[in-house]
Amino acid sequence: MIKRRELMGVAALSAFLGAFVGLFLFGEMGGKVSPGTSATASPIGAQVEAVNFPVGGDPGIPLTTTTFSNVAELVMPSIVVITSSRTIQNASTPLPFGGTDPFMRRFFGNPFQDGDQPKDEEVRGLGSGVIVSADGYILTNNHVVNEADKVQVRLDRHTLLDATIVGTDPRSDLAVLKVDRTNMPALPFGNSDNVKIGEWVVACGAPFGLERSITVGIVSAKGRSNVGVTDYEDFIQTDAAINRGNSGGALINLRGEMVGINTAIATQTGGSNGVGFSIPINMARYIMKSLIEDGKVTRGWIGVNIANVDEKIARGLGLPKDATGVVVSGVTEGSPADRAGIRSNDVITKLDGHPVDDIADLRNRVATTKPGTSVELSLLRDRSTLDVSVKLDELPSNLAENTGRGTPEAEEEESDTPQVDRELGLSVATLTTDKARELEIKERRGVLVTGIGPNSAAAQAGLRPDDVILEVNKNPVQSADEFRNEVKKAGGAPVLRILRDDNYLFIVF
């Protein structure tokens, strides 16, 4: 499935309709900045509490014919239409070879005939937003206002206001706007952690420019990650119809509280196929607060490389069969994890008493915790449990990227390929100090992968040339022979701890 940002403007719509498979983003905006805000803090919250709507997902509470209309009546004044515009310099594209070749003009025409020059073009975008404070703060998606020269907010058919971009966060696809207006109908926040699968929800926005539209569905799933939309993903999945223009609109529970920001759809037709994604409002509130107070998003950081615990890793590392959480493959020197005494092969099972489900779960929860905060991690180490306190640092902006290296010209230790190497489909050599220095590898001991066979077990497992193998099933290896012996002991199903571009990873066969 091809995943891409929602496109704006006439040209973008054409591309949108031509796509075979698309993934389109819609936006989210947060609520009040002060923590602990309740639904009763705003007039609309008080209205919702007074009519005592049933909570979607609670058993034994029937829906009535007026439930959704009551919710719509209460929340719609808080949903706005956002229009953006930007100017593209010299929008007309010159012909190849500068447009002067007669042969090219014969087939493409001359865009500069009669002395005309390329003209600037204004590209307009359309999306949705949510009023989150009475003094004019509005939450939307970053891609709705990205690179915009001018942003306006339409409150109703008669009211169009200029908006200022307070801040944007591309890594979560969120942005905060501000309009010069008071006594605005702010939408109360719900608690996205309490959203239940199967709960009724209402999606609000302006699909295709049709302002103040709602669709109804249920929560299909929670904690969706690896969708490929943003860097930080923990989406609420819903079958409420979400379409182009819903970006930045709200996902509402039956109490009239905002629990998510409509952000993306998975589609093969360009329209809604019943698989939509919303950013949880708890994540959005942290990002919004950071943008308003600091002008940027500061994210917490532990300083570990981690992998999900699955059946193969649990077996290879000798973990209990029911082990859950994430296993530490490496610890950054001098990081909060290093200072707290966390080691490679530790399994992180809980954060502040709450179970850790997977990599995305831990990463998102740490990222939305303010740097300087101390968190409690529960670890499983050699079948024993222990708790450590970790004081978070701010996520460094210059984290190394996994760019990879070229294949080294290392010699084999043996002229005949050993059986283990043939079975795994790789070639290895003992890492020497000179070779480590030549390849700028920080480790000075281990086994260097010098080649990978196409379609081999090593290739399918994700091993690459220049990877340095440090451990096989938790047992350190310092030579090619030790590596082969440990692989034989593992029965052909080894779990390797490796170093790749300064990052420690697990490779599972």
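**Entry 1: the second largest cavity**

I sorted the lining of the second largest cavity by class and got six nonpolar residues, two polar and one charged. For the classes, Ala, Val, Leu, Ile, Met, Phe, Trp, Tyr, Cys and Pro count as nonpolar, Asp, Glu, Lys and Arg as charged, and the others, Gly among them, as polar. The model is predicted: local features need pLDDT of at least 70, side-chain atom pairs count only at pLDDT 80 or more, and totals for chains, interfaces and linings use all residues. Residues are numbered from 1 along each chain as its sequence is written, and side-chain values use heavy atoms, without hydrogens and water.

I then listed the lining: Tyr232, Met283, Tyr286, Ile287, Val297, Arg299, Asn364, Ala367 and Thr368. Helix 6 and helix 9 are the elements that give two or more residues to it. Helix 6 supplies the largest share, three residues. The volume is about 50 Å³. I counted two cavities of 30 Å³ or more. A cavity here is a set of points on a 1 Å grid over the protein atoms alone, where a 1.4 Å probe fits but cannot get out; lining residues have an atom within 4 Å of a point. Points are joined across faces, edges and corners, and the volume is the space filled by probe spheres set on them. Helices (H or I, at least four residues) and strands (E, at least two) are DSSP runs, numbered from the N terminus.

**Entry 2: the second largest pocket**

A pocket is an open set with protein on both sides within 12 Å along at least five of seven lines. The second largest pocket holds about 850 Å³. Of its 29 lining residues, Asp193, Asp234, Asn282, Asp361 and Arg365 are the closest to the centre. I found nine nonpolar, 10 polar and 10 charged residues in the lining.

**Entry 3: the core**

I looked for nonpolar cores, sets of buried Ala, Val, Leu, Ile, Met, Phe, Trp, Tyr and Cys residues joined through side-chain atoms within 4.5 Å. Buried means under 20% relative accessible area, exposed over 50%, and partly exposed in between (1.4 Å probe, protein chains only). The largest core has 35 residues, and Val130, Val132, Ile252 and Met258 have the most contacts inside it. Among the elements that supply at least two residues each are helix 3, strand 7 and strand 12 (258-267). Helix 6 gives the largest share, seven residues.

Which residues of helix 3 are buried? They are Thr67, Val71, Ala72, Leu74 and Val75. They lie on the same side of helix 3, because they cover an arc of only 165° around the axis. The arc is that of the directions from the helix axis to the C-beta atoms.

**Entry 4: strands 15 and 16**

Strand 15 (304-308) has four of its five residues buried. Strand 15 runs antiparallel to strand 16 (326-331), with five bridges between them; strands pair if DSSP finds at least two. Isoleucine 306 has valine 328 as its bridge partner.

**Entry 5: positive phi**

Aspartate 173 has phi near 60°, positive though the residue is not glycine. Aspartate 173 sits in the loop between strand 6 and strand 7. Its relative accessible area is 0%, so aspartate 173 is buried. Asparagine 473 also has a positive phi, about 50°. Its place is the loop between strand 24 and strand 25. At 18% relative accessibility, asparagine 473 counts as buried.
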